[in-house]
Amino acid sequence: MSQFADELRSLVDDLAASGRSDLWNSLVELGLHRVGIDEEEGGSGGSLDDLLVVVESLAGHGIGVPVVEASTADWIIGHAGSLTDGLATVVLLDEAPGTASGTLTAELTAVPWARDAARLVLCAPGAEPLVVDLAHASVTVRHVDNIAGEPRDTVLLAGTPVTAVAGAPEHAVVRERLALLWSAAVLGAAHGAYRLTRSYVSEREQFGAPLLRIPAVAGNLARMRVQLVQADAALALARDAAPDSGAVEVVRITTAAAATEIAQIAHQLHGAMGITEEYPLHRLTRRLWSWRDAVASERRWAESLGRRSAEAGENGVWTRITATASTTDREG
């Protein structure tokens, strides 16, 4: 990890631990929501890897802010010119919407943070991204929350003007970027749940000894750690992998599986304490359950990886597996 990444992690950890009610405003003032966007485009500079550090660090504290959506939307918009103030969010569509005379009529569901956003970016295969002004009179936003209590609103567009973003990344590129960011978010929350659980079973005593001394408890904690090691490795490989290589599918499948098992074990080891409102575990596990299916479900990523493997054929799959193993061996 670079020195800049270390400094970013330390900065975000300090902000998260401060308990500020205006944390998002602080992140915006520091430009952390635009890390990974060139300064010439109105961003804060840095790389995607640096942004992944910001996302993972925030998630590790169980904090839900629109950094994934805002950074991705601004990254898209920045390709066409300078960025402006105000929150932007993004939605991926399965197919390009029909736009007549530069307007769009549609019902969009599960739009992240729409109630707080000024602009919405719509990305569809084979089409330029479209930007919607959410303050326009023709836009209606219905409030809906996900299981973590984060906005996933329904947006109704009735002949709403839209603007195409010329020169913006293609849908597949945006999808992979979002998948990496959400993988980092899931991994951060999973690490947070593990740390909290390890601390609890180390300090909580039963029959005069810490719960960690019980073999079943120690074994389950080890299972959580194994899931984290696998997910860490998958994200590390995906960061360096070539686009459209299948590494993104692997990391989404791996982090989704980790989220499911780690959340389950964390609640089992905490017992009744794990479901109390004042205890912080639920802030992490609710986000694990919500974020593991961001962009697409684990099943859809598995189907995508399966199709990719079938197209590559037996020799292609074997070559990829052995090439990855040798690279890992060299790095280790």
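Entry 1, helix α3. I am working on a predicted model. I looked up α3 and found it at residues 48–60, a run of 13 residues. I checked its span: the distance from first C-alpha to last is 18 Å, close to the 18 Å expected at 1.5 Å a residue. I then asked how many of its residues are buried. Eleven of the 13 are, and I noted the helix as mostly covered. The buried set includes Asp50 and Glu56 along with Leu51, Leu52 and Val53. For what covers these buried residues, I listed α1 (3–17), α2 (23–29), α4, α5 (171–203), α6 (215–240) and α8 (281–291) as included. After α3 comes Gly62, where I read a positive phi, near 70°.

Is Thr72 buried or exposed? Its relative accessibility is 0%, so I count Thr72 as buried. Leaving out residues up to four places away in sequence, I found Thr72 touching Val90, Val174, Leu178 and Leu181.

Which element gives the most to the lining? I found β2, with five residues. Elements that each supply at least two residues are β1 (88–92), β2 (103–112), α5, α8 and α9 (298–331). By type, I sorted the lining into 13 nonpolar, five polar and nine charged residues.

Key. Residues are numbered from 1 along each chain as its sequence is written. This is a predicted model: local features need pLDDT of at least 70, side-chain atom pairs count only at pLDDT 80 or more; totals for chains, interfaces and linings use all residues. Side-chain values use heavy atoms; hydrogens and water are left out. Buried means under 20% relative accessible area, exposed over 50%, partly exposed in between (1.4 Å probe, protein chains only). Contact means heavy atoms within 4.5 Å. Helices (H or I, at least four residues) and strands (E, at least two) are DSSP runs, numbered from the N terminus. The expected span of a helix is 1.5 Å times one less than its number of residues. Ala, Val, Leu, Ile, Met, Phe, Trp, Tyr, Cys and Pro count as nonpolar, Asp, Glu, Lys and Arg as charged, and the others, Gly among them, as polar.
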